[in-house]
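Please read it alongside the sequence and the model.

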Amino acid sequence: MKKIALLLIGLTFTMQAQTQSTDYLKKAKELVSKMTLEEKASLCSGETAWSTQAIKRLGIPSIFMTDGPHGLRKAEGFDFTNSVPSTCFPTASSLASSWDPKLAQKMGEALGIEAQANDVQIVLGPGVNMKRSPLGGRNFEYFSEDPILAGKIAISFINGVQSQGVGTSMKHFAANSQEFERMSNNSVVDERTLNEIYFPAFEMAVKEAQPWTVMCSYNRFNGIYASENPYLLHQMLKEKWGLKGFVVSDWGAVNERAAGVAAGLHLEMPSSGGANNLKVIAAVKNGTLSESRLDEIITELVAVTLKAKDSHKKGIVVNKVKHHELARQISGECIVLLKNDNAILPLQSQLKKIAIIGDFAKTPRYQGAGSSQVRPTQIANALEELQKLAKGIQFSFSSGYTPAGDTDAAKIAEAVQNAKEADVAIVFAGLPDIYESEGYDRKNIDMPEGHNQLIAEVAKVNKNVIVVLMNGAAVSMPWKNDVKAIVEAYLGGQAGGGAVADVLTGKVNPSGKLSETFPARTEDTPTATDFPSKDGTATYGEGVFIGYRYYDKKKIEPNFPFGYGLSYTTFQYSDIKASSTNAKDSDAITISFKVKNTGAVAGKEITELYVHEQDSDVARPENELKHFEKINLLPGEEKTVSFQLNSRDFAYYNTKIHDWTVRSGKFDIRVGGSSRNLPLQQTITIENTKPIKVNFTRDSMVKEIKNTPQGEVIVNQLIQGFIGTSNKLETEEDKKTAAFFAAMFGDLPINKFILLSGGKFTEDNMNAILTAINKN
Ligand code: BGC
């Protein structure tokens, strides 16, 4: 009963939302019909750096947009540091490490509330680009190297913000994975890689969460700027995925504005001061842009504008303390425990003296630089928070390195002395501000020498070293084997210091897992030979093999694999079951398994399900993440987790039909707690029930023709004719020769026989064969 009632509420809500958007579209259409060409063109570009153009005469309001993904940066102009104070939440790479869409929803809701309180209609985020390389300058602003994880977190984040009547702008579409020459670089990506890696997070979020806007990226995409790319903006976003909202340019991404309108770019930001509007008017007048296309674009833009303004709630006041607490809770769920030898963590209350080493303990690194930079309402540091939580322990602080991360002999000497006198030394290290920012990429995955050297020296004098890392992306760890514990705190937002103290003291049991691989060396990374690409073209030659897909295929041992993270308790996986082990590609298959908390404390486990195709037509990754769920377990408690798999979970993107294909064959379903620890496996046989209708042409290969019902006979005759044997293939020798040529000619386009058969096989013979096989 309850379920039905909920379903009905859901249905009514969806219907209301649909009616609303149809109403806004209707209203927008009426308004556009009353506009002059000049007025229409005026809407194609913003009014200021952050707001859209109003038309007072028609009652069309201006709406306000603000960065960014992990907090509100309502700025005047472009001064990143001078914005209204707002809660700085953990950045995207941190949030994704929670693997918890519900948490992303909560963060989105809080952001929506802060946007309402500041009269902001659209929050410019989330960023869902894939981490093609760990060196990407904006990796801290992106969720993952895996599209399903990024997509699921994005959906919830968007739903959270939009549930408050505030829009989002999912960015940066598309294939925008390097900062170097980001405004002109050409990303060259093949169709399969796009559909399997770079599109899905965008696709999932458009289909399931309908962001009010999508932001196109700066780069060229397969030769054409994203801001005027009809394939990206119209074919994919609008036609294929059904985006209802509008597309906005990244700030300054417009090349030719009229071409952008034609392609499906609704809004240029920031304002081009009227210059580009004149170009739109001229294009309509000279017939290179049809006015009806302009009308369509403006109508969709105005519809969102009207909805956004109507959704504004007056009198919202932010409870800053509550949001700070929420930021702390979120950050705590995102921290990843990478190493914990001898269960050195959580800190034991009988410890007497702990050396706290490293400037980040007092002055945390908590967010990245660039357009997403928030002015926090307060900042918590780990040293003070630890002192509050562990009152019986004496903490002594040494800064250890310079604010820029440089080595300072005197500071190291002091830190070493401090560590010598303590039971445990906790070193706070990572990446200083300058190491990762919008606008440029990292040069390598190494931390500053000052940090690495400090850890190495401290580890020489104290056996109980715990390293806490504050960084937005993967780093190398040359001291990995010399320390007892490693806590990846990421860029945890303004309350991150508190969250670190919660985890170190055991108030919070760590439950994050890596949303990206931590490779051992820069040279091991998928794009090591050419990242960032420097000659104007970034060729995504590694194809679908980024992140763990690459390390698995190449059998490269990373420092810590994708999906990895420890807890203060342990979990045991068992009893994998499939609803069917012999299924058709159209069947939904339920996979269930059990997870038990086998330790002494309550904890959360992120369960991960990967699919592996045993024998595929194309090069496929060893394992691909398809489903995950974070579950809470008391000591001794066991729960059953189940996932429903559908055809897309088994499919690869088939460029021959420009669609997804599930090949008949065997698939291994692998389940566990990290991409490199999948103790459960169940094999399923799937049958393809949608044979692909191929149109055979003169370029079709002999082996393709052989796969048709009459193929075997046709190909045998072709080969016999060619080698001049009798068509009975009587002797063993004849059979052997025919088999040899069949294998050798398999890859030959059929038309080549005309050239090679010395006149025996003609154009007419070929056409007759093609007509016969195309009939089926
Ligand atoms: C960034 C966007 C951001 C915009 C507005 C651009 O430089 O790429 O992510 O939303 O500026 O600040």
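A residue is called buried if its relative accessible area is under 20%, exposed if that area is over 50%, and partly exposed in between, using a 1.4 Å probe and protein chains only. The model is predicted, with local features needing pLDDT of at least 70 and side-chain atom pairs counting only at pLDDT 80 or more, while totals for chains, interfaces and linings use all residues. Residues are numbered from 1 along each chain as its sequence is written, and side-chain values use heavy atoms, with hydrogens and water left out.

**Backbone geometry**

Most residues other than glycine have a negative phi, and most peptide bonds are trans. W99, which is not a glycine, has a positive phi of about 50°; W99 belongs to the loop between helix 3 (92-96) and helix 4 (101-117), where helices (H or I, at least four residues) and strands (E, at least two) are DSSP runs numbered from the N terminus. With a relative accessibility of 0%, W99 counts as buried. N222 likewise is not a glycine and has a positive phi, of about 45°, but its relative accessible area is 37%, so N222 is partly exposed. The position of N222 is in the loop between strand 6 (220-221) and strand 7 (224-225).

Five strands form an open sheet in the order 1-2-3-5-8, with parallel pairing; two strands pair if DSSP finds at least two bridges between them. Strand 1 (65-67) and strand 8 (246-249) are at the edges, and each has a single partner strand, so one side of each is left without a neighbour in the sheet. Neighbouring strands of this sheet are turned by 30° against each other on average, direction ignored, where axes are lines fitted to C-alpha atoms (for helices over the stretch in contact) and angles run from 0 to 180 degrees between N-to-C directions. Within the sheet, 2 bridges pair strand 2 (residues 122-124) with strand 3 (residues 167-173) in the parallel sense, and V123 stands opposite T168 of strand 3. Helix 7 (residues 200-209) packs on the sheet and touches strand 3 and strand 5 (213-216), its direction making about 160° with that of strand 3; contact here means heavy atoms within 4.5 Å.

**A pair of helices**

Helix 12 (residues 320-334) and helix 16 (residues 496-505) have axes that come within 8 Å and cross at roughly 50°. The two helices are therefore oblique to each other, given that angles under 35 degrees count as roughly parallel, over 145 as roughly antiparallel, 65 to 115 as roughly perpendicular and the rest as oblique. The contact is made by R328, S331 and G332 from helix 12, together with G496, G498, A499, D502 and V503 from helix 16. By class, this contact has 2 nonpolar, 4 polar and 2 charged residues, where Ala, Val, Leu, Ile, Met, Phe, Trp, Tyr, Cys and Pro count as nonpolar, Asp, Glu, Lys and Arg as charged, and the others, Gly among them, as polar.

An open sheet of 3 strands has the order 16-18-21 with antiparallel pairing. Its edge strands are strand 16 (571-578) and strand 21 (638-645), each of which pairs on one side only, and the twist averages 20° from one strand to the next. Strand 18 (residues 589-597) runs antiparallel to strand 21 and is joined to strand 21 by 8 bridges, with V595 standing opposite K639 of strand 21.

Strand 24 (residues 665-672) has 6 of its 8 residues buried, so this strand is largely enclosed by the rest of the structure. Strand 24 is joined to strand 19 (residues 603-613) by 6 bridges in an antiparallel run, and pairs with strand 25 (residues 680-687) over 7 bridges, also in the antiparallel sense. D668 of strand 24 stands opposite H612, and the bridge partner of D668 in strand 25 is T683.

**R698**

R698 lies in the loop between strand 25 and helix 18 (702-706), and at 39% relative accessibility R698 counts as partly exposed. Not counting residues up to four places away in sequence, R698 touches P749, I750, N751, E763, M766 and L770. R698 and I316 are 382 residues apart in sequence and, from C-alpha to C-alpha, 68 Å apart in space.
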